[in-house]
Amino acid sequence: MSLYVTELRRLGKRRVTRLLLVLLLLGLATVATAFSFSSHQLSKEVVAAAQAESDAQYQRAVEDWKKTVADCDAAKARGDQNTEDRYGPNCGRDWQPQPEMFDPKWNLPYQFDFRAEFPTFIAVFAGAVALFAFIVGASYVGAEWSTGGMMNLLLWRPKRLAVLGAKLAALLTTVLGVSLVLGAFWTLAFWLIGRYRGTTAKVTAGVWRSIGLDGLRAVGLILLVGAVAFALASLGRHTAMALGAAVAIFAISEIGIRIAVNVLSVPFGDRYVLSTYAQSWFMKQAELFDYDTCQFAKGACEPAKLVVTWQQSALVFGVGAAAVLIGAFWSMRRRDIS
């Protein structure tokens, strides 16, 4: 039996993997189920009721306006000199409510729009599965080091890089399979929500291609997170190493760097923050503005703009992941295993 197949089976039989997979399934199912109850199909009766409510609001507003104008005229007749302060110029006659001010859409219940909103749920899915990949990847190799399983395995198969590579391949294969299978069910679930509880209007072949590309980027980020967690745990020879490094990276990037760039007044400071590149990765680009460049004397604020593209995000994440993985394999080859 090949080392890769053996590691694939070992990973699948780990209690942590199975428990986290069950929790992931429950979490995703809960989100989809709860969201389905918040969306409503807009039947003709619902639209008509919204129109009727809008018309009623308009009529009430007109009656209130008429009463206000009448009160103002009466106050003027009594000699009140403060009517303009209380009722406005011309007793507010120029402020008569108009029908277009009462849009029936404001009275409609929420309706899920698959075409417009599903890309956001791809990011939600990616975040949940990335967390699964991180914990599974870190604990998989971290437990091997901390329990001595790695040393025992190397006695049977004394090829260090091959062993670590097989473990990484097994992890990425498992994460990829979970991502693709759950991603398909996630897409189907929200398509059904849109079909029966919302709307799937204007979902063309081009929209499906865009959703597919968003999904590929999501899967890519999930695999990257799993690989980085694996490499960090291997470098530190403990699961806690990956968890500690993740907390440190978050604190430095999202807190430390933000404080530093604000204190130093660095233009486009958010370009040094990882969350900007994560946003760009999912949204195809992230726009940063420097409001210190506004020229208010010209009557409008036109701040300088910097666009961070998803290609730049790929470069940042790719270089970072490659550095950590190279370090893990170099450490595996050079360090004392005992």
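pLDDT is the predictor's confidence in each residue, on a scale from 0 to 100. For the protein chain the mean pLDDT comes out at 86, with 93% of residues at 70 or more. This is a predicted model, so to speak of local features a pLDDT of at least 70 is needed, side-chain atom pairs count only at pLDDT 80 or more, and totals for chains, interfaces and linings use all residues. Residues are numbered from 1 along each chain as its sequence is written, and side-chain values use heavy atoms, with hydrogens and water left out.

Helices here are DSSP runs of H or I, at least four residues long, numbered from the N terminus. Among the elements of the chain, helix H2 (residues 15–38) has the highest mean pLDDT, 93, while helix H6 (residues 149–156) sits lowest at 66. Buried residues (under 20% relative accessible area, 1.4 Å probe, protein chains only) of H2 include Leu20, Leu24, Leu28 and Phe35.

Lys167, in helix H7 (residues 160–197), is buried, with a relative accessible area of 0%. Its C-alpha atom is 9.2 Å from that of Thr6, 161 residues away along the chain. Glu254 lies in helix H9 (residues 239–263) and is buried too, at 17%. Beyond its neighbours within four places in sequence, Glu254 is in contact (heavy atoms within 4.5 Å) with Val273, Leu274 and Ser275.

Definitions and conventions:
Helices (H or I, at least four residues) and strands (E, at least two) are DSSP runs, numbered from the N terminus. Buried means under 20% relative accessible area, exposed over 50%, partly exposed in between (1.4 Å probe, protein chains only).
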